[in-house]
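The tour below goes through aromatic ring pairs, one selection at a time.

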Amino acid sequence: MTAVFVAGYAGIIVEEGLGLSKAAVALILAAGLWSIRATAEGLEALDLEMGSALGEVSAVIFFLLGAMTVVEVVDSHQGFKVITQSLRPASRTQLLAAVVGVTFAMSSVLDNLTTTIVMVALLNKLCPEPETRRFLGAAVVVAANAGGAWTPIGDVTTTMLWIHGQISTAATMRDLLLPSAVSVAVPVAAWALTAPEITSREPLLLTSSASPTASSSSSSGHSSSEGAAAAASAAGPGPGATGSAGSGLEAAPPRSNLVLSVGLGSLLMVPVLRAWAGLPPHMGMLACLGFLWLVTDAIHFGEGDRRHLTVSQALKRVDSEAVLFFTGVLLAVAALDKAGLLRELAEALSAALPRQELVAGVIGLASAVVDNVPLVAATMGMYDMADYPKDSDLWQLIAYCAGTGGSLLVIGSAAGVTLMGMDRGVSFGWYARRITPWATVGYLAGLGTYVAQQQLMALGG
């Protein structure tokens, strides 16, 4: 089974170069591993194991499907226009700080991919200087990945850990907010002092603010390259396109502010329902989606030309390929878990890396190169919650490292892949030279901040 998983994982890593579908590889991998499991245990035992695995996997998938649909509905109503039009910088440094701040806040509620699409599309219309725009786009990637790491709904990996009970809402936000903020504040401060695109004394030229259109289905995390590429394509022409900033923009649909408030309120209500009513996250998300569905049906009742703005139409635009990819990966990892292979790997890893910080740090570095969804899914099966209970340092470090580690290379996250698709000036080499060094310093600074913070809390407690 290990050999089959490694072969399938290699197929996921090289899927773009070979022109393969990552979702197809993941689904075949899952089917193959469970087939091997069936020959070893028999069909009766397989039914019991599969039932347990499907229950866990479906909770994640239903949550992601609901979240992706809510974001799609808000985006189709141009609800993010209110947020992005608030940017009124007077200098390049202020523009950098404003873009990073808005991105960090948005990605804590939305997902990294959607936030990146919205902000990069805004920069394409707002900033006519190619070099400045490219650099700010890279800063958006770092801020989006950091912002998604400190809330249960900001990144697919933290969502997975939250749904399966490894982390809780309050403790995660309390303990990971400062490290996540440090991981982006350190590189931003360095860039503000050293980056020529930001320190230039040339007057800052900005076009009038326009509403970015991120009308693409997003995957809730930094794991789907296909979804990112499709999103970049759907988001409109890149910076090489000509035309004025306001050309081709349609007016925002009526009551777009209402849809934004209901949509974001729905996302924020999920952890509240979990804490107050004990409602499982996926059920809370589906309930909130149902409420938004009724609201959009009501406000567009009798408007035949606006039926495309309703939830029923948004469901058709959700990135189903990304959902199937998550399904395949989680089922494949579940097969390894049932076979006991993840437990053996955990014991070997613990022997080689005795400190939790080292284990999580390695996972974060690996997520810069390979997909973080299977990495985190495997880690969840490797370590028993009897040894590492809810909100232990290991789980919180994994949430932080897997989320922010994707910023170290441009190919390490869907946000980075999206940037490459939307701004053709961004290359792997340019990002590695200009962004990776300080992004790595920020990643390590955030990791150190978490360790110091926990030590201080232990002394104070």
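Is Trp150 buried or exposed? Trp150 counts as buried, at 12% relative accessibility. Buried means under 20% relative accessible area, exposed over 50%, and partly exposed in between, with a 1.4 Å probe and protein chains only.

The model is predicted: local features need pLDDT of at least 70, side-chain atom pairs count only at pLDDT 80 or more, and totals for chains, interfaces and linings use all residues. Residues are numbered from 1 along each chain as its sequence is written, and side-chain values use heavy atoms, with hydrogens and water left out.

Next, the ring pairs. The structure holds 6 aromatic pairs. Rings of Phe, Tyr and Trp (its six-membered ring) pair if their centres lie within 6.5 Å; planes under 30 degrees apart count as stacked, over 60 as edge-to-face and the rest as tilted.

Select Phe63 and Trp162. Their rings are edge-to-face, 5.8 Å centre to centre with 80 degrees between the planes. This pair links distant parts of the chain, 99 residues apart: Phe63 lies in helix H4 (residues 43-76) and Trp162 in helix H9 (residues 156-163). Helices (H or I, at least four residues) are DSSP runs, numbered from the N terminus. Phe63 is buried at 2% relative accessibility, and Trp162 is buried with a relative accessible area of 2%.

The ring centres are 6.2 Å apart and the planes at 15 degrees, so Phe104 and Trp150 are stacked. Phe104 counts as buried at 13% relative accessibility.

Finally, select Phe135, Trp191 and Trp430, which ring pairs link into a cluster.

Note on methods:
Helices (H or I, at least four residues) and strands (E, at least two) are DSSP runs, numbered from the N terminus.
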